[in-house]
Structure formats: structure tokens, C-alpha cells
Amino acid sequence: MPTLFIRQMTVIVIVSGLAMTPQAMAADAVDTRTLLQEIQELKKRYERRTAELEKKLKKLEQNQSKQAGKAPSSSASVRNIKDNSFNPSIGVILNGRASNFTRGTSEIAGFGVGEEGERGSEGLSLGESELNFSANVDDKFYGSMTAAIVREDGTDKVELEEAYMETLPGAGLPDGARAKAGRALWTFGYLNEHHAHGDDFADRPLTNRVYLNAAFNDDGVEMSYVLPTDYYAEIGGGVFRGDDFPGGGSVSGLGAWSAYARTGGDIGDNQSWRLGIYTLQSDANSRASNEDAVTFVGQSNLYAADLRYTMAPTGDATKQEIIFQTELMRRDDDGTYNDADAGTGTLNYDESSFGWYAQAIYKFAPAWRIGARYSRLHAADTPAGFAGSALDSEGHDPETYSVMADWTNSEFGRFRLQYNREKLDKGDEDNQFIFQYVMSLGAHGAHPY
Amino acid sequence: MKRSLGFVLAVAWGMALPSPAAAGLQIFSCEPEWAALARDVGGEKVNAFSATHARQDPHHIRARPSLIAKIRRADLVFCSGADLEVGWLPLLMRRGARSGVQPGATGYLMAAEHVPVLEKPTLVDRSLGDVHPGGNPHVHLDPRNLAILSKELSRRLIQLDPPNTVYYRNRLDAFQRDWRTAMDGWKSRVTKLSGLPVIVHHKSFTYLINWIGLKEVATLEVKPGIPPTASHLNNLLLSARSQKVKVILRTPYDPAEASVWLASKLGIAALMLPYTVDKEAPPGALARLFDLTVALLEKAHAEP
């Protein structure tokens, strides 16, 4: 309003300036007088309006100060919500377990296994306690950071699980396109991009333990694009540093890349599915496993396919639901292996192995679910020179049977009991009982499908 | 290798072509009532899709792949808002990455932002159950709200599709005229229900209760989103008797056991109101929803 007023005043000043030029003086005196009169009238009108506006403004200000005076008497908590509305959302995951194993050791025959892929510790222990901050940065970007506090070798360590920025729709990319940069649980199969606390079992299947060291979360960038089709179709890919398993010891800082394609849809009102194919190609400069005893150097290429199917008999997944999920993975290792414990020395290695798991979850009451899972690895042939080393499966294919039951009080708290029968090498089988709780505090973003 | 790459490209190209069935404005609604309103106001110029159906609890929906695809191509996202869909809609929005339907855009319409919202909590804590900081989001069961929203929706449709301005204006005029007549009819029927004491399963009927002037005595849920317990129901038995509760209301997606048990103990009716319309409901469905709701309440009231 004031700017408008100033502009109008300027017009008046210019007009009156013109009126006083010699040319105007020379003009007909009557004309000048009417012009002056008009200007006078205009001036009066504007003065009147200014006064009115000032009165209005004063009134508004008074009202405002009245309201401000009232505010403290209204509930303080309402104001508190607004006070921190620009802070990032904070979420905490508490995760604890009690485990019992019948075998002292747990080596997976024929494979070098990274630290995260190993069996958890026995007895009472905390799982990964996660701390997550996330928020929209501005109208174009979203940021999220998740730190996991874990116990390793008797000390608590902070592991940066995720720290990434992501474009929001409106960042200027074409519709359907997204870019993500930083460290994140990247798209590779179903489980990898999910935080472990949302899993349906207390541990990850053999495929993810052996091939991804529980989860691939290297530093990198990833692009994805949802096609403008009636049914869901998405393609994407990324480039990564190459430091995280299945890579390792990256020198170039650009040692891995990935690509994927996914499709999915609904069958009627109450069923939906998603199918994907993926590849992750890593140039491993030095991939350590089996507590640094086994080292791989060379090209390690992973291929995966996953399928997930959900069915809610009544359409309402909060009451009853069946979830079926499977992933297949294949790894081609071409380079050299060295098992220091077995004293093999550095030998050429060019072999493929594959593994898979399948699981079914049945929610039969709003708070109760049961589930079963089978996972299996098909070890590679043992090249000459590796007999008796960690890479020698002795013709055994590792496998695990798991069953679980969990109880969910609200969507933020869950208890689970799980039994595993693992037969990972030629020796005895390992019978495992795991009791676990997962609690989620504060903001907790939605889980992807 | 070259041939397979060519094949992949051909498939991708085929997928990238929009299908001809998708004529008109694409409206993604979170709940069936908003799809129905879009069909009432937008007529044949819109293609309205509902992400949920009447037997689903809109609080808890999986962000399933088909919904990402729908958001990806939507011209307007029409939902209840007030955090009802907070568990799944923001994720779909990020994944679908459609710039025209993001918060603040013309293509983003949240019902609760345009009507007076009831039950805004002054204290928000998870120990209080699944409370919505934005207030009660089930706003569609007050016909006055639908009148307000039809106008806002029409305004958005005109902004998104200016060539059909006249069509949308005429359609809105016709809808508002019919709706006013219908509302007068309902109002005259529900005046005698005013003050009727009811128990509800979840706070799904707050706006209906407020419009008619029913008296909500209690909820079967201990706290919002926390299922009824035996001890809570026993307490309700006493207070319901003393307050002469006439009927227990629930939605099709609420479990029936608690309300049926309590109703049989009290010797009153456990009434399942339709709550919303069919996912694919044709125009006029919202009017029929209120016809049926009012008729069911009248019947329950008439029973001794």
C-alpha cells in the first residue's frame, strides 16, 4: 500500500512540475487554472486516503498487539510446536537382542565374509542404535543423516550409515527424475535400501551377508527416473567410490557403478507386486574379508533380481497381510585371492557363485506376524591352490532355515523371537535363538514398499 | 549385445509413450470421497483415481509401486491432509517426483487446509496415541465442508485447465444448487437427532457428529489408534448406561468385535456407517452417502 501511495505522489509532483514550465505559463490561463484545481482536488483526495489508510494501519497494529498480549495465556505447547518446526525431524531407533548359538564359530564355507556379514554376538547385546536427522533443505533439496552406534571389539563406535542429499521435485530436473548424492543405502535388490530395523527377520539372509557385507552404502551419486507410464517403471544407476564391500581400498575414488530397472503394479484392489533387476560392478583394489585374512583384488560384478508381492485379504493391511519376497544374486570375481591364514599366497581366481533367499510373512492379527525364510549359497568351484583355504567349500553349499514370530504394540514398537538352523560348512549345524526388540522414537519416515 | 540394447531401448520408448486412455486432467485422490467429489465437480473432463478403497484404513497404506506411477502422471493431488496420509503420501511425492503437485503448487489440494478443522490438539505426544498435530482430518462427513471444497476444487480445475473454464463453472453451479437442496433435506431430517448420545470406535465421525449435533460420549479405542481393551470396554459399559447411549458407530474398516460386544451388553445397536463411497463411485455418490448415513441414524434413533 505505501509504495502505491508513493508512486501516485510522484506522479502528482511530476504533473505539477510540468504545470510550472514556461510553456505552460504561456498557455491559456483558464486551462492552467482548471488544471491546478484538478491537481488540488487530486491532492486532497490522496490526503484523505492517506489519512484513512493510516487509521486502518493503526487499528491493525492495535489488534495485533492485543493478540500478542493474549498469546501467553493460550496453551504454551501450541507455541512450542511452532518453535521447533524448522528443526530437522529427529528419529531414534533402539534395538537390543539376546542370542544363543550352539556353535562357537560361524564361517561360511567357500566365501570370504566381511565384518558386517558375520553372525552377531552371543548373549545380551545392543544391536545398531540409530540416530536419524532429516528435513527439506529448501524448496529444491532434501537431506538426511543416519548414524549407527555399534559395539565393535569392546568399544562403542559411531558408524555413518547414511548422509545424503536428494533433489526434491521442483529442483529443476524433469518430472520423474531424482538425484541423490552422498552416502546412502543404494538401490540394489530389495533389502539393501532398507534400514535393518525394518527387516522382517533379526538378521539378514546369506546373500546380503556374503555379497553385500549386510548393506552396500558406499559414497557416491545415484540418478533415477520414473517413466510416465500407467504402470510403475523406474530405471536408474549410480557411480560410487568403490571403498565399500564388494569393492574396497579404492585408489581412483571412482571404482564402482550400478544400474537397475524396476516395474510393478496392482492385481485388483488388494494385491501388489514389484520386480527388479540390478547390477553392481566394482573394481576392488583390495577387498578384505574373514578378519583381514582373505584379500581379493580385481573385478567383482554382482547381478541381482528381486520380487516382492503383498496381499491383504480384506484390503486392509493393518489387520491381515501376506508378504512374499525373494532375491537372487550372482557374483563374478575375476582377479586374485590371497588367504593369509591358509598361506595360499596370491593366486589367480576367476569364478562365479550365486545365492538366493525366499521368505514369507503372514500377519494374522493386527499385532502378530509369523514368518519363514530359507536362504542358500551355491559356492564356486575351488581352483587349484585354494584347497583347504576359506574359499574351499569342500562341496558344501551353505544354507539357513529361519522362522520368526513378532508382536507389534504400535507401529513404533516391536518384539521378535527367531530361530535359525544354519549349516554353513561341513561341520555341525548351528541352532540359534534370537530375541529382539526394535523401538522407534520421534519422527520416523515412511518405509518404501 | 547390440541387439539386446536395441530391444531395451524399444521397450523403454514404448513405455514412455503416454497411453490414450489418460485423457483429461489426472486427479490422484488419497481417499474415495475426494475422487467422488472430483467426478461431481470435474465431470467428464477429469479422470479421478482413488489410492484407497472404503475397506482400507487411510492412516496405513503401503507406498506401493502403482501409486508412484499414478503420482508421476497426476495433474492434481487431492487428499484430506492434516497428517492423515503422513505415513505414505510424502514418500510417494518424492518418489513420483512430479513438480506440479508438490505442496504449494496449484496441483496440491489438501481438504483440511480449506475448512475449519476440529480437535486441534494442544499437546502432542506419542503416549497419547496416534494423534494428528493438524487436527482431526476426517473432514468430509460435514456436507458444509464439501460445499466449500467443491468451490476450491473448481477453482483449481479452472487454473489447471483454462480452456474448459465455462464447463467447470456450469458444473459447479449445478452441483452447488443440488447440494444446497439436498442439505436442506438432510438438515430437516437430522434436527430430531440432535443431542443423541453415541459412542464411536475411532474419532472418524467427529464432523458428522458436529454437523448433526450428536453427543459423542466416548471412543472404543483407548486412545486414537490404540485398539480397545477389555478393561476400557468394561469402564465404558458403566458410563454408557448412565448416559443412555443409543448407538455405537464404526466405519467399515474398524474391527466389529468391540462395538458388537458392547452393543449386545447394552442392548443397543452397533451401527456400521458407510463412512465413505466406493472407489470407482459415479457422480452423485456423495449425496447418496449422506442419504444413507442419515437414514441409518434415523432408524437407530427410532428403535426403542
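Among contacts in chain B between residues at least 6 apart in sequence, what percentage join residues at least 24 apart? I looked this up and found 63%. Two residues are in contact if their C-beta atoms, placed from the backbone, lie within 7 Å.

**Ground rules.** I am reading a predicted model, in which local features need pLDDT of at least 70, side-chain atom pairs count only at pLDDT 80 or more, and totals for chains, interfaces and linings use all residues. Residues are numbered from 1 along each chain as its sequence is written, while chains are lettered from A and ligands numbered from 1 in the order in which they are written.

**Chain B overall.** I listed 10 helices and 8 strands in chain B. Helices (H or I, at least four residues) and strands (E, at least two) are DSSP runs, numbered from the N terminus. Of the 304 residues of chain B, 46% count as buried. A residue is buried if 20 or more other C-beta atoms lie within 10 Å of its own.

**Helix 3.** I checked helix 3 (residues 65–72) of chain B, where 8 of the 8 residues are buried, so this helix is largely enclosed by the rest of the structure. Among them are B:Pro65, B:Leu67, B:Lys70 and B:Arg72.

**The sheet.** I traced an open sheet of 4 strands in chain B, with the order 6-5-7-8 and parallel pairing. Strand 6 (215–219) and strand 8 (269–272) of chain B stand at the edges, each with a single partner strand, so one side of each has no neighbour in the sheet. Neighbouring strands of this sheet are turned by 30° against each other on average, direction ignored. Two strands pair if DSSP finds at least two bridges between them. Strand 5 (residues 197–200) and strand 7 (residues 247–250) of chain B pair over 3 bridges, and B:Ile199 has B:Ile248 as its bridge partner.

**Helices 6 and 10.** I noted that helix 6 (residues 165–190) and helix 10 (residues 285–302) of chain B pack at an angle of about 10°, with their axes 10 Å apart. That makes the two roughly parallel, a term for angles under 35 degrees. Axes are lines fitted to C-alpha atoms, for helices over the stretch in contact, and angles run from 0 to 180 degrees between N-to-C directions. Helix 6 of chain B brings B:Ala182, B:Trp186, B:Arg189 and B:Val190 to the contact, and helix 10 of chain B brings B:Ala287, B:Phe290, B:Val294 and B:Glu298.

**Across the chains.** Last, I found 38 residues of chain A in contact with 38 residues of chain B.

Notes:
A residue is buried if 20 or more other C-beta atoms lie within 10 Å of its own, exposed if 12 or fewer, and partly exposed in between; C-beta atoms are placed from the backbone. Angles under 35 degrees count as roughly parallel, over 145 as roughly antiparallel, 65 to 115 as roughly perpendicular and the rest as oblique.
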